[in-house]
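Please open the model in a viewer and keep the selection panel at hand.

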Amino acid sequence: MDAHGPLCVGIDPHAALLGLWGLGDDAAGARELALRVVEAAAGRVGIVKPQVAFFERFGASGYAVLEEVIGAARAAGLLVIADAKRGDVGSTMEAYAAAWLGEGSPLRADAMTAVAFQGLGSLEAAIAADGGLFVLAATSNPEGRALQASRDETGRTVSAQLVHEVAQRNTGAPGTALADLGVVIGATRPLAETGIDPRDLARTPILAPGFGAQGARLDELDALFGAAAPAVIPTVSRSVLGAGADGVRAAIAAHGAELRR
Ligand SMILES: O=c1ccn([C@@H]2O[C@H](COP(=O)(O)O)[C@@H](O)[C@H]2O)c(=O)[nH]1
């Protein structure tokens with residue numbers, strides 16, 4: 001973030017985008033798009049986020065492409081967040097952590113996303129792994145709001161409770177910089193509407209989807225996140241990939257410039 005700014009470029013080879021890029025809706029098409037995005041992102045941003053689902057849909061060949069893309073991005077000096085949204089009982093979570101954050105794993109990324117529906121403690125193996133973890137807290141999609149706004153006996157929303165639990169772990173973590181346990185908070189509404197206490201975000205990195213195709217604007221970031229804005233990693237997929245193969249470099253540069261205004 002210090003070297004390149006906070007922007008994260010999502011690698012989401014949607015069928016429609018592959019068509020727009022003149023590529024087939026298959027693993028070879030996804031490979032071509034993803035490697036071109038890696039090339040365009042390297043040196044312009046610090047972070048990319050492959051959306052695992054768009055590779056998984058091609059089965060084994062999609063996973064082979066994902067391995068190659070993660071390796072190419074890391075070799076190009078980019079940090080990779082595998083947007084895998086995993087979550088399960090602790091014993092199974094150990095295997096997910098080994099797959100996405102384990103040393104020597106073919107899918108080894110720098111960070112992954114996870115779902116804490118089974119409790120934050122169930123994600124312990126990924127929290128303890130040598131990498132970052134972003135736990136969904138307040139998602140960008142409207143369907144999640146009712147559940148995430150439910151309140152516990154102390155009056156905290158589910159989103160706030162999760163962020164509070166993450167903060168308790170991060171407060172005790174060594175160092176003063178951002179900790180490596182983060183949360184996902186969508187940018188499609190102001191942080192103030194989630195019930196999350198901004199004091200709980202002091203050392204917590206925030207992965208923020210919702211910009212671009214989902215409606216939020218990068219120049220609204222400070223207004224949306226207030227005091228927590230410096231810890232926000234805004235992530236954009238369709239609004240960058242929609243520029244096509246010839247326009248993707250310029251689109252990444254323009255999105256980055258938008259944040260520096
Ligand atoms: O709450 C969430 C959590 C994750 N996502 C993911 O982010 C990208 C957004 O893509 P855009 O094209 O920039 O809308 C996508 O991979 C989602 O799975 C999210 O949107 N909201």
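Helices are DSSP runs of H or I with at least four residues, and strands are runs of E with at least two, numbered from the N terminus.

The model is predicted: local features need pLDDT of at least 70 and side-chain atom pairs pLDDT 80 or more, while totals for chains, interfaces and linings use all residues. Residues are numbered from 1 along each chain as its sequence is written.

Now display α2 (residues 27-41) and α4 (residues 59-75) whole: they pack at about 10 degrees, with axes 9 Å apart. Axes are fitted to C-alpha atoms, for helices over the stretch in contact, and angles run from 0 to 180 degrees between N-to-C directions. The two helices are therefore roughly parallel (angles under 35 degrees).

Next, select α11 (residues 244-260), whose axis comes within 9 Å of that of α2 and crosses at roughly 35 degrees. Here R36, V37, A40 and A41 of α2 contact A245, V248, R249 and I252 of α11.

Finally, show β1 (8-11) and β2: α2 lies across both, at about 170 degrees to β1. These strands belong to a closed barrel of 8 strands, β1-β2-β3-β4-β5-β6-β7-β8, with parallel pairing (at least two DSSP bridges between two strands). Within it, V48 has V80 of β3 as bridge partner.

Notes
Parallel < 35°, antiparallel > 145°, perpendicular 65-115°, else oblique. Contact = placed C-beta atoms within 7 Å.
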